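The following note sets out numbered points for a colleague who wishes to review the structure.

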Amino acid sequence: MLEVYGVTQENFDRFKELIVIDATKIKKININLCTTEELAKHPYITRNVANSIVKMRAKWENYSNFGQLLESELIDQELLNKIQPYLTL
């Protein structure tokens, strides 16, 4: 919520008890099956990052763990932590 324009920490603190997040409703993207275009639709994944993920998949003959994504020069631990909840193998 703090990434939403205009939502300050102070505002968030006032309404955070009202927020309900159901993680089972998240539609995850399978990085072993998706296309660059599908990945690039995610707001945290740029087209260049999506392209890197898909190209690196061939190197691994499919990903076996998310840590392999860190071999991309475009993905650091911070980005991986941000996108991993939306991905599946």
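**Note on the predicted model**

1. At a relative accessibility of 47%, Arg47 counts as partly exposed, where buried means under 20% relative accessible area, exposed over 50%, and partly exposed in between (1.4 Å probe, protein chains only). Arg47 forms a salt bridge with Glu37, and the closest N and O atoms of the two are 3.2 Å apart; a salt bridge is a side-chain nitrogen of Lys or Arg within 4 Å of a carboxyl oxygen of Asp or Glu. Because Glu37 lies in helix H2 and Arg47 in helix H3, the pair ties together parts that are ten residues apart in sequence. Glu37 is partly exposed, its relative accessible area being 43%.

2. Basis of the values. The model is predicted: local features need pLDDT of at least 70, side-chain atom pairs count only at pLDDT 80 or more, and totals for chains, interfaces and linings use all residues. Residues are numbered from 1 along each chain as its sequence is written, and side-chain values use heavy atoms, with hydrogens and water left out.

3. Overall architecture. The protein has four helices and two strands, and from the N terminus on its elements run α-β-α-α-α-β. Helices (H or I, at least four residues) and strands (E, at least two) are DSSP runs, numbered from the N terminus. The radius of gyration of the protein is 15 Å, well over the 12 Å that the globule rule gives for 89 residues, so the protein is more spread out than a compact globule. The radius is taken over C-alpha atoms, and the globule rule is 2.2 Å times the number of residues to the power 0.38. The C-alpha trace spans about 45 × 25 × 20 Å along its principal axes. Of the 89 residues in the protein, 31% are buried.

4. Further salt bridges. How many salt bridges does the structure hold? The count is four. One of them joins Glu71 to Lys59, with the closest N and O atoms 2.7 Å apart. Glu71 lies in the loop between H3 and H4 and Lys59 in helix H3, so this pair ties together parts that are twelve residues apart in sequence. Lys59 counts as exposed at 57% relative accessibility, whereas Glu71 is partly exposed at 46%. Another salt bridge links Lys16 and Asp13, whose closest N and O atoms are 3.6 Å apart. Lys16 is partly exposed, with a relative accessible area of 38%, and Asp13 is partly exposed at 32%.

5. Aromatic pairs. Rings of Phe, Tyr and Trp (its six-membered ring) pair if their centres lie within 6.5 Å; planes under 30 degrees apart count as stacked, over 60 as edge-to-face and the rest as tilted. By this rule there are two aromatic pairs. The ring centres of Phe12 and Phe15 are 5.8 Å apart and the planes stand at 85 degrees, so this pair is edge-to-face. Both residues lie in helix H1, three residues apart, about one turn of the helix. Phe15 is partly exposed at 26% relative accessibility. For Tyr44 and Tyr86 the centres are 6.0 Å apart and the planes at 65 degrees, so that pair is edge-to-face. Tyr44 lies in the loop between helix H2 (36–40) and helix H3 (47–60), and Tyr86 in the loop between helix H4 (77–83) and strand E2 (87–88), so the pair ties together parts that are 42 residues apart in sequence.

6. Surroundings of Tyr44. The charged end of Lys82 sits over the ring of Tyr44, 4.5 Å from its centre. A charge sits over a ring if NZ of Lys or CZ of Arg is within 6 Å of the ring centre and within 35 degrees of the ring normal. Tyr44 is partly exposed, with a relative accessible area of 25%, and Tyr86 is partly exposed, with 26%.

7. Backbone angles. Most residues other than glycine have a negative phi. Glu61, however, has a positive phi near 55 degrees, and Asn62, which is not a glycine, has a positive phi of about 95 degrees. Glu61 is placed in the loop between H3 and H4, and Asn62 lies in the loop between H3 and H4. Glu61 counts as exposed at 71% relative accessibility, while Asn62 counts as partly exposed at 39%.
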